[in-house]
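Biologist: I have not looked at this one before. Can you walk me through it, starting with the sheets?
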Amino acid sequence: MMMSIMSSCCSSINYSTLFRSSMIKQTTSIACFPPLCCHPKAKRYWFIKSRYKSAMGDDETQSFQNPRYVIKKVLARPQHEGNGAIVRRSIGRGELKNLDPFLMLDEFSVSAPAGFPDHPHRGFETVTYMLEGAFTHQDFAGHKGTIRAGDLQWMTAGKGIIHSEMPAAPGENKGLQLWINLSSKNKMMEPRYQELKREDISEVKREGVTVRIIAGESFGVQSPVYTQTPTMYLDFTLSPGSQVQQRIPESWSAFVYIVEGEGVFGEPSAAAVGSHHALVLSPGDGVEVWNRAAKPLRFVLLGGQPLMEPVVQYGPFVMNTQAEIEQAIEDFNCCKNGFDKGKFWASLMKCEGPN
Ligand code: FJE
Ligand code: FE
């Protein structure tokens, strides 16, 4: 496979082959969803729950019929990615490959000159949410910009984007990058960007709880982001002693990633979990979270409708079949079928222009 991606139809390759080979690893999997099962403690929890008062991040309902609980906990340890960058990968690491429609969640922390130089994407969306510092992105179609703490870039790669993502502020530049799969009917769509500045993301504050609504809805407030694959993305901060209930569509895959502090998720009797952990939630209609610590708790809650389609991934190409992956590699190498503009990009691109 590596041979076929390296044999280019274009006459010159001046792109870092080292970076490319570290970017592109193949994994093949069939998407699956956690089994629909009932938690043995669900009834006991139902009674305990009524003693708590909390902010409800959805509607007037006080409790859930089928509360979600944690079925898997994974620590995202630091690993090298891109060009000298460090990421903590939770979704997408060995223990957490299939959380349909989610493909990857990286918490990145990058100082110049490290970064993510020119690389392609096809068949999915990348969602970059900055926590600290700034990142500049630049693509082969001339789309360029810098996102800073609190800003969001929702990039639907569709049939093809080639871009670079590099740190833009001194010191550590931190954020989260989520990869969401696209359904077979959207994989070859025209690429599109949705960019939100910090002030464009709605924030609701209630009873010690702050939620930034990146995608989906909370406390009756809807994000303007259009999600090709139905998705919710909420950034919660709970002050010490506060708690929140958030509704999540019943059949969606859902997980939490803890950015800062520690919290109790799903059941009041569960052990507190700290930063850099991902918690996969059982099916159910909502989740409850408590901050019983002395420091603020910050976590993101992600939910998505499973696509239930075969997933064949070759690094930054995510398709449904092996034949489509081979086509993506050929299209990238030959600058065609969505990668056409690669020919004219004056960056570190491998393909030469018409002259
Ligand atoms: C990529 C390896 C990579 N996580 N977090 C392989 F590192 C990347 C890649 C990123 C990335 C970029 C940002 Cl800004 C933040 C990231 C991985 O660019 F696309 C492949 N295929
Ligand atoms: Fe990228």
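**Sheets, metal site and loops**

Modeller: An open sheet is built from 7 strands in the order E4-E5-E6-E13-E8-E11-E14, with antiparallel pairing. Keep in mind that this is a predicted model.

Biologist: Which strands stand at the edges of that sheet?

Modeller: Strand E4 (78–81) and strand E14 (192–196) do. Each has a single partner strand, so one side of each is left without a neighbour in the sheet. On average, neighbouring strands of this sheet are turned by 25 degrees against each other, direction ignored.

Biologist: How many bridges join E11 to E14?

Modeller: There are 5 bridges between strand E11 (residues 152–156) and E14, and the two run antiparallel. One residue to look at is Trp 154, whose bridge partner in E14 is Gln 194.

Biologist: There is another sheet, with E3 in it. What is the strand order there?

Modeller: The order is E3-E24-E21-E26-E19-E16-E15, an open sheet of 7 strands with antiparallel pairing. Strand E3 (70–75) and strand E15 (203–206) are at the edges with a single partner strand each, so one side of each has no neighbour in the sheet. The twist from one strand to the next averages 20 degrees.

Biologist: What does E3 pair with, and over how many bridges?

Modeller: E3 pairs with strand E24 (residues 277–281) over 5 bridges, in the antiparallel sense. Lys 73 has Leu 279 as its bridge partner in E24.

Biologist: On to the metal. Which residues are the protein donors of the iron ion?

Modeller: The donors of the iron ion (ligand 2) are His 119 (NE2), His 121 (NE2), His 163 (NE2) and Glu 165 (OE), and they lie 2.1 to 2.3 Å from the ion. Along the chain their spacing is H-x1-H-x41-H-x1-E. His 121 sits in strand E7 (residues 116–121) and Glu 165 in strand E12 (residues 161–167), so this pair ties together parts that are 44 residues apart in sequence.

Biologist: Is His 121 buried or exposed? And Glu 165, buried or exposed?

Modeller: His 121 is buried, at 1% relative accessible area. Glu 165 also counts as buried, with 7% relative accessibility.

Biologist: Which residues of E10 are on the covered face?

Modeller: Gly 145 and Ile 147 make up the covered face of strand E10 (residues 144–148), while Lys 144, Thr 146 and Arg 148 are on the uncovered one.

Biologist: What about positive phi at Glu 207 and Phe 219?

Modeller: Glu 207 has a phi near 45 degrees and lies in the loop between E15 and strand E16 (209–215). At 52% relative accessibility, Glu 207 counts as exposed. Phe 219 has a phi near 50 degrees, in the loop between strand E17 (217–218) and strand E18 (221–222). Phe 219 is buried, at 9% relative accessible area.

Biologist: Last one, helix H4. Which of its residues are buried?

Modeller: Ile 325, Ala 328, Ile 329, Asp 331, Phe 332, Asn 333 and Cys 334 are the buried residues of H4. The 13 residues of helix H4 (residues 322–334) should span 18 Å at 1.5 Å a residue, and its end C-alpha atoms are 18 Å apart, which agrees. Just after H4, Cys 335 takes a positive phi of about 55 degrees.

Notes
Residues are numbered from 1 along each chain as its sequence is written. Chains are lettered from A and ligands numbered from 1 in the order in which they are written. This is a predicted model: local features need pLDDT of at least 70, side-chain atom pairs count only at pLDDT 80 or more; totals for chains, interfaces and linings use all residues. Side-chain values use heavy atoms; hydrogens and water are left out. Two strands pair if DSSP finds at least two bridges between them. Helices (H or I, at least four residues) and strands (E, at least two) are DSSP runs, numbered from the N terminus. Axes are lines fitted to C-alpha atoms, for helices over the stretch in contact, and angles run from 0 to 180 degrees between N-to-C directions. Donors are N, O and S atoms within 2.8 Å of the metal (3.2 Å for Na, K and Ca); water is not among the atoms, so sites may look incomplete. Buried means under 20% relative accessible area, exposed over 50%, partly exposed in between (1.4 Å probe, protein chains only). The expected span of a helix is 1.5 Å times one less than its number of residues.
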